[in-house]
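Take a look at the model below. We will go through it step by step, from the backbone to the core.

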Amino acid sequence: MEISIFKAVGPIMIGPSSSHTAGAARLARIARLIVAAPFSHVCFALHGSFAKTYRGHGTDRALVAGALGLREDDERLADSFALARRAGLSWEFTEADLGGMHENSVRMTFTLTDGSRQEITGSSIGGGQIVIRSINGFETEYSAQSSALIIRQYDRPGVVSEVSGVLAGHGINIAVMRVSRSARGETAFCIIETDDWIPREVEATLRELPNIISVRAINLIDREESTCTAI
Amino acid sequence: MYSNLAELLALAEKQGVPLWRIILENEKKLSDISEEGVFALLHEHYQVMTASATKALDRPMSTVLGLISGIAAPQYRYSRTEGGLCGGVLNRAMAYALSCSEVNASMGRICAAPTAGACGILPAVLMTLREELSLSLRQTLCGLLTASGVGAVIMKNATVAGAEGGCQAECGVAAAMAAAAAVQMAMGSPGQSMHAVSFALMNSMGLVCDPVAGLVQVPCAQRNASQTANALLSADLALAGMTSVIPADQVVEAMYRVGRQLPMELRETAMGGIAATEAGRGYAKRLAGETRAAAGGEA
């Protein structure tokens with residue numbers, strides 16, 4: 001039997017809907033980890049079933065809670081609007097047609113405190129599971145089941161092998177690696193899912209490599225990331 | 001090891017152990033955790049279950065449109081004072097189930113079992129039997145283990161999504177899981193657990209998913225109560241010696257087939273059944289109005 005009993009009994013979550021509440025909170029929380037910089041405003045563009053039913057299922061409160069860093073089983077989720085106001089975070093909801101995306105999808109545009117913007121799109125695919133579909137215009141497919149490195153680089157030969165060399169040097173095993181690029185020879189975007197925790201020094205070492213524009217490590221097993229920090 | 005209910009049963013019978021022992025060994029290998037690790041996780045889930053099954057017993061929870069706000073408390077009082085036509089035990093079990101549904105609809109913390117919409121049935125059965133049969137925590141967790149093992153097999157071979165299989169796949173499967181647990185907790189045999197699974201699914205065959213205004217409130221809460229009763233009576237039928245003439249795996253298969261035959265209107269789209277009644281459509285309109293008003297004032 002290859003399905004865990006904790007898929008049949010679980011997840012522990014805030015109701016009422018695993019796809020519209022728990023999945024939504026998780027989408028925004030993972031997006032916040034990807035943004036990894038202070039932000040003051042989020043615009044949630046809701047697609048499909050999310051757009052039609054968001055209020056009745058608390059999708060709106062769940063998304064704001066996720067943006068605050070609350071986990072999907074945190075009872076403060078229902079009060080996320082008040083928490084966000086207190087933290088100085090503003091938000092808005094709009095409807096959007098995201099084309100052939102899954103029925104439960106959202107495009108999240110974060111306005112950072114330096115005025116720049118980051119845009120992350122993802123889908124809640126049922127049972128609280130999610131997939132991040134695009135990050136700042138680069139298509140990807142990240143289900144946030146494992147730690148990951150999100151890297152922007154110049155599209156030059158040898159960059160990928162340098163990156164994997166650093167990981168190998170730290171004994172980190174690559175589970176999945178996806179590279180996409182804007183155009184040949186310009187910038188590329190790489191997401192590497194790993195079997196192991198990614199220590200800070202790995203992030204720092206990668207950043208020093210030539211041709212690397214930015215590096216973000218997402219460590220999901222860190223329970224501390226759930227704290228509701230001020231924005 | 002096993003990929004359906006018959007294989008799970010055969011293993012238990014061959015080794016002369018309860019179903020939960022086979023399920024536990026499988027989970028240890030699958031998730032690479034120790035026996036105590038599995039029980040610690042089960043305990044964590046059970047604590048969330050008991051908290052949600054008791055939270056609304058003495059105070060109403062606020063839900064969108066308030067369709068089921070305050071339904072658990074009077075049911076609980078009734079079970080304590082009147083006893084009810086079905087007796088105090090069943091009425092109390094239904095109150096636990098309603099509490100879970102109410103907490104779920106109020107954005108409280110619950111444990112999906114197998115889904116959030118059906119989160120009241122398993123806690124209601126486990127808690128009630130623990131009280132009635134004076135079981136230890138460990139014995140109760142063995143019931144939870146039995147239920148979750150049966151649920152995992154049904155997830156693999158059919159579906160537990162209302163959008164795919166209707167309410168029978170959510171509340172019906174929850175009742176089947178709970179029925180298997182109930183038999184085990186009452187010292188029934190592994191074979192009797194499987195018969196109880198068959199009865200619970202037969203008794204919910206064809207149940208449609210038709211949430212009013214798309215909210216997980218009506219008739220979800222009532223179905224959590226009625227499927228709790230279904231779980232207990234299916235267990236009783238099996239414990240009394242009734243055997244299912246249709247093997248449990250074939251009943252699961254039939255449930256899945258029926259689910260796929262249901263028109264889209266009756267699979268969580270809020271376009272058929274109770275949702276499509278005149279009153280049901282009225283609530284949907286009210287919710288849409290409130291959503292528009294709220295969206296205008298938030299940014």
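Between which strand and which helix of chain A does the loop with Pro16(A) lie? The loop runs between strand S1 (12-14) and helix H2 (18-35) of chain A, and Pro16(A) sits in it. Keep in mind that this is a predicted model. The bond between Gly15(A) and Pro16(A) is a cis peptide, with omega about 5°.

Chain B has a cis peptide bond as well, running from Ala113(B) to Pro114(B). Here omega is near -5°. Pro114(B) belongs to the loop between strand S1 (109-111) and helix H6 (121-132) of chain B.

Met107(B) is not a glycine, yet its phi is positive, about 60°. Its loop connects helix H5 (88-105) and S1 of chain B. Met107(B) is buried, with a relative accessible area of 6%. In chain A, Ala144(A) also has a positive phi, near 55°, and is a residue other than glycine. Look for Ala144(A) in the loop between strand S7 (138-142) and strand S8 (148-154) of chain A. With a relative accessible area of 3%, Ala144(A) counts as buried, because the cut-off is under 20%.

Now step back to chain B as a whole. It holds 13 helices and 1 strand. Along the sequence the order is α-α-α-α-α-β-α-α-α-α-α-α-α-α. The radius of gyration of chain B is 19 Å, close to the 19 Å that the globule rule gives for 299 residues, so the chain is as compact as a globular protein of that length. Its C-alpha trace spans about 65 × 45 × 40 Å along the principal axes.

How much of chain B counts as buried? The share is 57% of its 299 residues. Take the contacts in chain B between residues at least 6 apart in sequence: 75% of them join residues at least 24 apart.

Then turn to the interior. In soluble globular proteins, nonpolar side chains tend to be buried together. The largest nonpolar core in this model has 109 residues. Which members touch the most others? They are Leu42(B), Met49(B), Leu122(B), Leu144(B), Leu145(B), Ile154(B) and Leu201(B). Helix H9 (residues 167-185) of chain B gives the most to this core, with 15 residues.

Setting aside residues up to four places away in sequence, Leu122(B) touches Val9(A), Met49(B), Ala113(B), Leu144(B), Ala147(B), Met177(B) and Ala178(B). One of these, Val9(A), is in chain A. Another, Ala113(B), is also a partner in the cis bond to Pro114(B).

Finish at Thr146(B), in helix H7 (residues 137-157) of chain B. Is Thr146(B) buried or exposed? It is buried, with a relative accessible area of 0%. Neighbours within four places in sequence aside, Thr146(B) is in contact with Leu19(B), Trp20(B), Ile23(B), Ala180(B), Ala181(B) and Gln184(B).

Methods:
Residues numbered from 1 in each chain as written. Chains lettered and ligands numbered in written order. Predicted model: local features only at pLDDT ≥ 70, side-chain atom pairs only at ≥ 80, totals over all residues. Heavy atoms only, no water. Core = buried A, V, L, I, M, F, W, Y, C linked by side-chain atoms within 4.5 Å. Buried < 20%, exposed > 50% of the residue type's maximum accessible area, 1.4 Å probe, protein only. Helix = DSSP H or I, 4+ residues; strand = E, 2+ residues; numbered from the N terminus. Contact = heavy atoms within 4.5 Å. Rg over C-alpha atoms; globule rule 2.2 N^0.38 Å.
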